[in-house]
Amino acid sequence: MISRLTGKLTEKHPPQIVIDVGGVGYEVDVSMQTFYQLPPLNETVQLYTQLVVREDAHLLFGFASQNERATFRQLVKVSGIGAKTALGILSAMSADELAQAVAQEDVKRLSSAPGIGKKTAERMVLELRGKLAGESVAGGLFAPDTVADETDDIVSTLLALGYNEREARAAVKGIAAGTDVSEGVRLALRNLLK
C-alpha cells in the first residue's frame with residue numbers, strides 16, 4: 001500500500017499530476033480541490049494516497065489531507081460509485097461540504113456532482129450517514145479526527161492481508177483510540193487469532 005508520496009511536482013495536467021520521488025515518476029489522479037492547493041512545478045509536494053487495483057490498471061489517487069482521503073475511501077464503498085466518480089464528487093465539493101450535505105440529507109446538492117443522479121444521491125445519504133469526518137449527528141461540523149483515519153488504515157491493512165471487511169472491523173474493536181497503525185495492526189491480528 002502506498003500511503004503517502006513526497007517529491008518534486010514535475011507535471012500538472014488536471015486531474016493528473018506527476019510526482020518525482022527519488023527518480024521515479026508517479027502518476028497521480030487528484031481532485032480539483034487538491035489540484036488548486038498544489039505548489040508550482042518543480043516544488044516539493046506531499047500527498048496522502050490511495051492505490052486502487054483494477055483488473056486492467058493500478059491507479060494512484062492523491063489527496064491534500066487525510067480527511068479528503070478518508071472521505072474518498074468511504075465514497076468508493078457506496079454501491080454504484082467507483083474511484084473516478086468519487087474523485088469527481090470531491091472535485092465538485094470539499095470533504096467538509098460533502099459531510100454537511102450528507103448530514104442535512106441534501107439530495108439536491110449531492111446530485112449536482114458529476115455522475116450522481118437522484119437515486120445515487122439518496123443512496124449516499126443512507127450509506128454515508130455518520131461515517132464521514134466533520135459530520136455530527138446534528139449535522140454541524142467539528143474538527144476532523146485522525147483516530148478514524150488510523151482505524152481506516154488498520155482496516156485497509158487487514159483487507160490487504162486477505163481478511164474480509166466484517167473480520168477486519170470486528171478485529172479493530174477494543175483497540176484504544178490513538179493507537180498508531182503498526183501497533184493497531186499487531187493488536188488486530190492478535191484479536192483475529194483468538
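This is a predicted model: local features need pLDDT of at least 70, side-chain atom pairs count only at pLDDT 80 or more; totals for chains, interfaces and linings use all residues.
Trainee: Okay, where do I start? Which domains does the assignment give?

Mentor: The domain assignment gives domain 1 (4-63), domain 2 (67-128) and domain 3 (150-189).

Trainee: And how far apart are the C-alpha centres of domain 1 and domain 3?

Mentor: Those of domain 1 and domain 3 lie 26 Å apart.

Trainee: Let's go inside. Which residues touch the most other members of the largest nonpolar core?

Mentor: That core has 28 residues, and L75, L98, L110 and M124 touch the most other members. Elements giving two or more residues to the core include strand 5 (58-63), helix 2 (66-75) and helix 6 (118-128). The core also draws at least three residues from each of domain 1 and domain 2.

Trainee: What does M124 touch, leaving out residues up to four places away in sequence?

Mentor: M124 touches L75, V78, I81, I89, L98, V102, L110, I116 and R129. There is also a second, separate core of 11 residues, which includes I17, V28, V45 and L47.

Trainee: Back to helix 2. How many of its residues are buried?

Mentor: Nine of the 10 residues in helix 2 are buried, so that helix is mostly covered. Among the buried ones are N67, E68, R69 and L75.

Trainee: At what angle do helix 2 and helix 4 pack?

Mentor: They pack at about 45 degrees, with their axes 9 Å apart. Helix 2 and helix 4 are therefore oblique to each other. On the helix 2 side, N67, E68, T71 and L75 meet A95, D96 and L98 in helix 4.

Trainee: New topic. Which residues does UniProt list for the helix-hairpin-helix motif?

Mentor: An unreviewed UniProt entry lists residues 73-92 and 108-127 for "domain: Helix-hairpin-helix DNA-binding motif class". Over residues 73-92 the chain is 65% helix and 0% strand, with the end C-alpha atoms 17 Å apart. For residues 108-127 the values are 65% helix, 0% strand and 17 Å between the end C-alpha atoms.

Trainee: Now the backbone. Which residues does the cis peptide bond join?

Mentor: P14 and P15, with omega at about 5 degrees. P15 sits in the loop between strand 1 (4-13) and strand 2 (16-21).

Trainee: What about N42: is its phi positive or negative?

Mentor: Positive, near 70 degrees, and N42 is a residue other than glycine. N42 is in the loop between helix 1 (32-35) and strand 4 (44-53). Its relative accessibility is 53%, so N42 counts as exposed.

Trainee: And where is E105?

Mentor: E105 is in the loop between helix 4 and helix 5. Its phi is positive, near 55 degrees. At 46% relative accessibility, E105 counts as partly exposed.

Notes:
Residues are numbered from 1 along each chain as its sequence is written. Side-chain values use heavy atoms; hydrogens and water are left out. A nonpolar core is a set of buried Ala, Val, Leu, Ile, Met, Phe, Trp, Tyr and Cys residues joined through side-chain atoms within 4.5 Å. Buried means under 20% relative accessible area, exposed over 50%, partly exposed in between (1.4 Å probe, protein chains only). Helices (H or I, at least four residues) and strands (E, at least two) are DSSP runs, numbered from the N terminus. Domain bounds come from an automatic or database domain assignment. Contact means heavy atoms within 4.5 Å. UniProt positions are given in the numbering used here, feature names are shortened, and annotations may be inferred rather than shown by experiment. Axes are lines fitted to C-alpha atoms, for helices over the stretch in contact, and angles run from 0 to 180 degrees between N-to-C directions. Angles under 35 degrees count as roughly parallel, over 145 as roughly antiparallel, 65 to 115 as roughly perpendicular and the rest as oblique.
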